[in-house]
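Colleague: I would like to learn how to read pockets and salt bridges. Can we go through them one by one?

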Amino acid sequence: MRNGRCRICNDHRPEEDPLAAQQSPAQSLQALAAERVDHRFKALPPDAEGLTVGALAAERRDLFTGGFTTPVLALSAESVEANLTLMETYAERHGLAFAPHGKTSMSPQLFARQLEHGAWGITAAVPHQARVYRAHGIARIFLANELVDAAALRWLAGELDSDPGFTFACYVDSVRGVELMDEALRAAGAVRPVDVVVELGAGRGARTGARTEADCAAVADAVAAASTLRLVGVAGYEGEVPDASPERVREWLRRLVALAAAFDAAGRFKGLAEGEEILVSAGGSAWFDAVADVFAEIPELSRPVLQLLRSGAYVSHDDGHYRHLTPFNRVPEEGALQPAFRLWAQVVSRPTPEQAFVNAGKRDAAYDLDLPEAQVVRSGRDGSVRPATGVTVTGLSDQHGWVRTDADADLEVGDWIGMGLSHPCTSFDKWQLIPLVEADGTVTDYIRTFF
């Protein structure tokens, strides 16, 4: 089941906007390539105005000499491919299904690549994200949140009833939430029940989720009483375990596994059809090694278990927050993720020997976790590249980066500084069209985002 490919209906009514109608994944990629390049997209060459994205990609321009303006965010083609392959291999090795969290990139092109690399489906957090996924042909969606918005539930009911091949599941963590879902779905005339998993909270003071096993049972009872919902499993997010440590995280994951077993013993999954699996899900980007270890301990239940991992930041990784917390630091024999982002900005002012300013700021660079890290300098004179020795980003204004330099640092106006970024989610969401760049600077594609 994990490697099953998405099935989607192809007989939808055509719309005027090729990006607005639901499409197959292949049709989605064709539509994205047909989009016109214009002023909406930062950093793209002004002389490419009016070309389609596909035509511009076919020109295979050089990032540095092909007319791109600064600042420009680049995504390494080699690193993205390496990361996709690594997580596919990891999931297969540990017997995990994989629904990477799409909120990281909100990119249909990267979703397609993730599905090609064995993903079971794509995880969402809010209804808008699920709508983007459906518009671009995603047939399996796991929404890691409780969905109580009546308008969104009306839309969901329509999607489920119109497409028998569409698979969807979301959290429930309260009796009131179940009541709101049931009311909205009954008002919408929903035919297919919505699959739900009870979310176990990660502990006192954590984020969402029912706090105790008794609370979880009460939520499950409410689901059983609602004809519009169907209980299919349990889930949660171990990244919210207070004062997280390997021991505390594994302790909470064992509670999650025990909850699934207790629900099964009580006959709570009797609504599943022949051949369907019990869904047990966890797994952000910090503790998926613990998830793999504990999910391997799931006892034999009345039916097979879909062990669903949801890590999302891996596709680009980063040079800050996730570089420090990735589980591959703890299990280096499993491999290593590669940071894929580099933000290039130009030195526009060098007022003193100790100070410089570049033309990239908060509107261009992720800064919610760590400041950008100066890594390399590309000479504005001859294009040579050298390490950014003695160059440190110390702050960001809206459109300027503050740079401190050693007195003897070799840096002048016109040079380009290549910076590593921290936190993939807030890197992707600042750019609508991101050049995918090979190691020699050749731009091979443009990654469209929908935030």
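**Pockets and salt bridges**

Modeller: R381 is exposed, with a relative accessible area of 70%. Buried means under 20% relative accessible area, exposed over 50%, and partly exposed in between (1.4 Å probe, protein chains only). This is a predicted model: local features need pLDDT of at least 70, side-chain atom pairs count only at pLDDT 80 or more, and totals for chains, interfaces and linings use all residues. Residues are numbered from 1 along each chain as its sequence is written, and side-chain values use heavy atoms, with hydrogens and water left out.

Colleague: Which residue meets R381 in a salt bridge?

Modeller: A salt bridge is a side-chain nitrogen of Lys or Arg within 4 Å of a carboxyl oxygen of Asp or Glu. Here the side chain of R381 meets that of E412 (2.4 Å, N to O). E412 lies in the loop between β15 (401-405) and β16 (416-420), and R381 in the loop between β12 (373-378) and β13 (385-387), so the pair ties together parts 31 residues apart in sequence. Helices (H or I, at least four residues) and strands (E, at least two) are DSSP runs, numbered from the N terminus. E412 is partly exposed, at 27%.

Colleague: How many salt bridges does the whole structure have?

Modeller: A search finds 26. One of them joins E276 and R230, at 2.7 Å from N to O. E276 sits in the loop between α9 (246-265) and β8 (278-282) and R230 in strand β7 (residues 229-235), so this pair links parts that are 46 residues apart in sequence. R230 is buried, at 17% relative accessibility. E276 is partly exposed, at 28%.

Colleague: Which residues are linked in a network of salt bridges?

Modeller: E35, D38, R40 and R448.

Colleague: Now pockets. What is the general idea?

Modeller: Rolling a probe the size of a water molecule over the atoms shows where empty space is left. On a 1 Å grid over the protein atoms alone, with a 1.4 Å probe, a pocket is an open set of points with protein on both sides within 12 Å along at least five of seven lines; lining residues have an atom within 4 Å of a point.

Colleague: Which residues lie nearest the centre of the largest pocket?

Modeller: H101, K103, R207, Y237 and G284, out of 32 lining residues. The elements giving two or more residues to this lining are β4 (140-146) and α11 (321-325). The largest share, three residues, comes from α11.
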